[in-house]
Amino acid sequence: MSTVRGKHANCSVVGCRNEHRSLHGLSSSDPEKAQWINYIFDGNVPTTLGKVLYVCANHFTSDCFLNEGQYKAGFASKLKLKDGSVPTVRDQTSKLGAARTSAASLQIASTRDIACQTDPPQNHTVGTQLSLRTLQPHIRSEGVQATISCVDFGVGTSTVPFAAPLPFLSSAPIKRPSKRPRQEEEEEEEEEEEEEDSSSLVASQGLDDTYDPADSSAALTEPLDKLNEASRPTHSIKKYIVYETCLMELFEVCPVCQRVCDVWTRRIGTFLLVEQRCPHCEFFRHWNSQPVLGSTPAGNIQLSTAVYLSGASFFKIERVFKAMQLQLFQYDTFRRHARAFIEPAVVHQWKTSQDVMLQRLSEAEKVILGGGMRADSPGHPAKFGSYTMMDLMTNTVTDIQLVQSNEVGGSYHMEKEGLKRSLALLDARGVTLDSIVTDHHPQIQKFLREANITHYYDVWHMEKGISKKLDKISKLKDCEKIQKWMWSIKNHIYWTAASSTTGPERVAKWTSILNHVQDIHTHEDPLFPRCTHRVCHTRDKNKWLAAGTPAFYKLEKVLTNKRTLKDVAKLSPHHQTSSVEAFHSVILRFAPKNVVFPFLGMLCRLYLAAMYYNENADRPQATTSGGDPLFKVHFPKAMKGECRAKPLKTEPTFRYVADLMDLIFEKVFLDPAPYIDEVMQIHIPEDLSAQYEQPDKEEVIASYVSRFN
């Protein structure tokens, strides 16, 4: 524990009882020093003086200070005097306080609100008395983060007077009077001054010292959010950033005898424990900055949960905290929270929502799914492959299968394995497929053909492949005219898929483009005998291609390739996998490809991405206050400088985060065993390095050489 001691010195001015916390030593200038000494002893200077003499700030006028505005705003801990300042103000409040003490009411100055770095309220003295029941435990403070079973200390401004001699109340805990909003306190200052004289009358009548006839109705006028504060879950309570100096000022002075206290602190991550003990009257206070759940500070586990569920990186959050000098726990603590509470909750939440989706699909008459794999890194060295199965009719992710490359003998086989596992799950839950839309991966084609499942190809994947080939050809000699037909051919692919009902019809419409580029609009195929567009007369007659030219030959070779015609016949006429690709881009927010995750960590992040996508996929387009739809100008990379209008959607929501927070704090934390058992049922393959013999670390270090050594 570290020890923090308050001020050891006191104001030396004779008769000063209302001492200010800011003390100032004697001036070094001889003329001013003499004036200071004469003022301190009120003209009766003794023959021998103490080694150190102090004068508190209450004995100076406001024009003597350099930083009074900063001090009142909470940005300075002490007041600074201007050169040549001399104390001139006598403490009159002590005389008033002494007179009121004779009426069985000892006055103690109010404390200044410094916990939130805001302008402090005006200090004033109230002559009411304090009941013995005021010092009781189990009282929740608005200034801290939660309710705990200890003496709590609020950070609001209040006055704490006492009706009994200090020795009698020296070790009793204090229950603070109910606090009021700041604006109400300022409005009622005059009323409190009027009620000051009546407080002694209440004591003489034998009533409770803290009795207030309006107490019974005061609770009804309390703001609604404050009334519900005690019933709110721990993780739903608001938090604030509090500076250490501002917090420690709350514990410097004993609330009983108003003298300096000893303060000890202990930190556990974001949690701070403060113990305050008065060496004069033995007053003791134990204060926690957060509620403690079992042996775990609530703020620590909630921060770990928030970082994990939002898809953030702990190491980036750690750098932010270090930049702001915020206290944080270690990465090992974050991983311990993840293994024990967060990941079991994520798995349970996803399985629960997935059961609902699969039950709905099993009762549907027509189910059209889209599938696609995302690798954690480009090329064959990929470690993980996540296969996504999406309901294209509702645009929701229904299943995610994570495959590790060493499970299937290489990354090339991960897509087929992911599809097999997903189809097996759907079959086990009674889901009957009408068709499935994927890209034209050869292994996927063969597997679905053998499984007798209707298979369609995504149009965008085919269009991208053909466009790359045509773009390469258009840069060759005598093939520049093909560049003028690039957009027409791309649009023709989509029109062919959308306007056809059978495979042969798609092929007939697709091959008609070869006649069209020659300005021939009638065709030999009876399934599509002529173009459906109106007769157009173009001014640029040089764009037409002629049969037998190099440009036409190369174009015909690409468009009528045997595999291309086979793929055109199976183009999807209704739904595409663009939503699957959109979901894959969402995964990057939760699992970036430049970060390495363990198997379970990657799986949980995929589940979080799916929950986020399912919640926000069908957001409506944002509108202005007048109801007009909003758009933004978009410059796609593929358009090479051309812009497009893109609809602007409404802001995303994060209800899944709130639901998981409730699950973790209300169920998983209390009894994690059943949730951990659910995680244990997941098959986790051994790491890629497990198949190799682990070398001796010292030998590896000894064999280290650089490129230039």
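A: Leaving aside residues up to four places away in sequence, Val346 touches Leu309, Cys604, Tyr607, Leu608, Met611 and Leu660, where contact means heavy atoms within 4.5 Å. The model is predicted, so local features need pLDDT of at least 70 and side-chain atom pairs count only at pLDDT 80 or more, while totals for chains, interfaces and linings use all residues. Residues are numbered from 1 along each chain as its sequence is written, and side-chain values use heavy atoms, with hydrogens and water left out.

Val346 belongs to the largest nonpolar core, which has 62 residues; Val346, Phe583, Leu608 and Leu660 are those with the most contacts inside this core. A nonpolar core is a set of buried Ala, Val, Leu, Ile, Met, Phe, Trp, Tyr and Cys residues joined through side-chain atoms within 4.5 Å. Buried means under 20% relative accessible area, exposed over 50%, and partly exposed in between, with a 1.4 Å probe and protein chains only. Helix α23 (residues 599-616) supplies the largest share of this core, 13 residues. A second, separate core of 26 residues includes Met462, Ala497, Leu514 and Val558. In soluble globular proteins, nonpolar side chains tend to be buried together.

Of the contacts between residues at least 6 apart in sequence, 65% join residues at least 24 apart.

Notes:
Helix = DSSP H or I, 4+ residues; strand = E, 2+ residues; numbered from the N terminus.
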